[in-house]
Amino acid sequence: MILVTTAGKVGSETARLLRERVLVRDPATATARALAEAGAEIATGDLGVPASIDEAMSGVTGVVLVSPAVPAQELNVVASAARAGAGHVVKATSKAPTGSPIARRRWQAEIEAGLTASAIPHTLLRSHAEGEAIAGAMPAGLGTAATVGGAGHYPHAQCPDQVAALVTPFLAKYAHA
Ligand SMILES: NC(=O)c1ccc[n+]([C@@H]2O[C@H](COP(=O)([O-])OP(=O)(O)OC[C@H]3O[C@@H](n4cnc5c(N)ncnc54)[C@H](OP(=O)(O)O)[C@@H]3O)[C@@H](O)[C@H]2O)c1
């Protein structure tokens, strides 16, 4: 059994595709009901309440962490997965420098560190894969995914010169005055 943590924008699509178990706070929402109809098992719980996560973790061998990057909450899930002997955790994250000025990026780094410390085998899904998928869906040869080293979610604000150096040749080639 695979547990998907929360049915937000990313989690509901994940749960719809996997049709395994998804943890939600309120099973009566339209989203939760639609997921149940699509074949997902609904577990009611709160990521701030470890006992409710343990209940949802019963019989779980794999966890997909697509919840908000709140360290206390996602680390509750990691601790519960360790107690349950789950074999693998997949976590949606980003390039997450510990010294980022953006709290959400630092929190991702904190969660990644907790995951590493747990020794549970895990896979980190970073945003570069998302960029590559978007570029791959564009007409052949048009799009390219590039990574700005050391940047977080807002490279245009953090490293404007590097972003300009990547974007300007593209605009020069394709933009029509
Ligand atoms: N959206 C994107 O495009 C995108 C892209 C890449 C990565 N991500 C990452 O994916 C993760 C999820 O993002 P999202 O956009 O899918 O989030 P979202 O749509 O805002 O959904 C968050 C979900 O978390 C639930 N939740 C919040 N606190 C909870 C708690 N204490 N216990 C149980 N459930 C709780 C909410 O439930 P309620 O309905 O009960 O409030 C909601 O279903 C984030 O880490 C985000 O950075 C998002």
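Is G8 buried, partly exposed or exposed? G8 is partly exposed, with 14 other C-beta atoms within 10 Å. The classes are set as follows: a residue is buried if 20 or more other C-beta atoms lie within 10 Å of its own, exposed if 12 or fewer, and partly exposed in between, with C-beta atoms placed from the backbone. The model is a predicted one, in which local features need pLDDT of at least 70 and side-chain atom pairs count only at pLDDT 80 or more, while totals for chains, interfaces and linings use all residues. Residues are numbered from 1 along each chain as its sequence is written.

The protein chain has eight helices and six strands. These are DSSP runs numbered from the N terminus, helices being H or I over at least four residues and strands being E over at least two. Along the sequence they follow the pattern β-α-β-α-β-α-β-α-β-α-β-α-α-α. Taken along the principal axes, the C-alpha atoms fill a box of roughly 60 × 35 × 25 Å. The chain has 177 residues, and 29% of them count as buried. Two residues are in contact if their C-beta atoms, placed from the backbone, lie within 7 Å. Among contacts with a separation of 6 or more, 52% join residues 24 or more positions apart.

The loop between β1 and α1 holds G8 and also T6. Both residues belong to the shell around the ligand: of its 17 residues, T6, G8, K9, V10 and L47 come nearest. A residue is counted as near a molecule or strand if its C-beta atom, placed from the backbone, lies within 6 Å of it. Helix α1 (residues 9–18) gives the most to this shell, with three residues. By class, the shell has seven nonpolar, six polar and four charged residues. Here Ala, Val, Leu, Ile, Met, Phe, Trp, Tyr, Cys and Pro count as nonpolar, Asp, Glu, Lys and Arg as charged, and the others, Gly among them, as polar.

T6 is buried, with 23 other C-beta atoms within 10 Å. Its phi is positive, near 80°, in a residue other than glycine. Most residues other than glycine have a negative phi. R19, in the loop between α1 and β2, also has a positive phi, near 55°. R19 counts as partly exposed, because it has 13 C-beta neighbours inside 10 Å.

G45 is found in the loop between β3 (41–44) and α3. The C-alpha atoms of G45 and T6 are 9.2 Å apart, although 39 residues separate them along the chain. G45 counts as buried because it has 23 C-beta neighbours inside 10 Å. Beyond its neighbours within four places in sequence, G45 is in contact with L23, S52, I53, E55 and A56.

The interior comes next. A nonpolar core is a set of buried Ala, Val, Leu, Ile, Met, Phe, Trp, Tyr and Cys residues joined through C-beta atoms within 7 Å. The largest one has 29 residues, of which V22, V63, L65, V77, A81 and V89 touch the most other members. Two or more residues each come from β1 (2–5), β2 (21–24), α2 (30–37), α3 (50–56), β4 (62–65), α4, β5 and α5. Leaving aside neighbours within four places in sequence, L65 is in contact with T5, E74, V77, V89, V90, K91 and A92.

Helix α5 (residues 103–118) has 16 residues and reaches 23 Å from its first C-alpha to its last, close to the 22 Å expected at 1.5 Å a residue. The expected span is 1.5 Å times one less than the number of residues. Within α5, R105, W107, Q108, A109, I111 and L115 are buried. Their cover includes α4 (71–84), β5 (88–92) and β6 (122–125). A119 follows α5 and has a positive phi, near 70°.

Helix α8 (residues 160–174) presents another case. None of its 15 residues is buried, so α8 lies largely in the open. The end C-alpha atoms of α8 are 21 Å apart, which agrees with the 21 Å that its 15 residues should span at 1.5 Å a residue. A kink of about 30° lies at V167, shortly before the proline P169. The bend at a residue is the angle between axes fitted to the seven residues ending there and the seven starting there.
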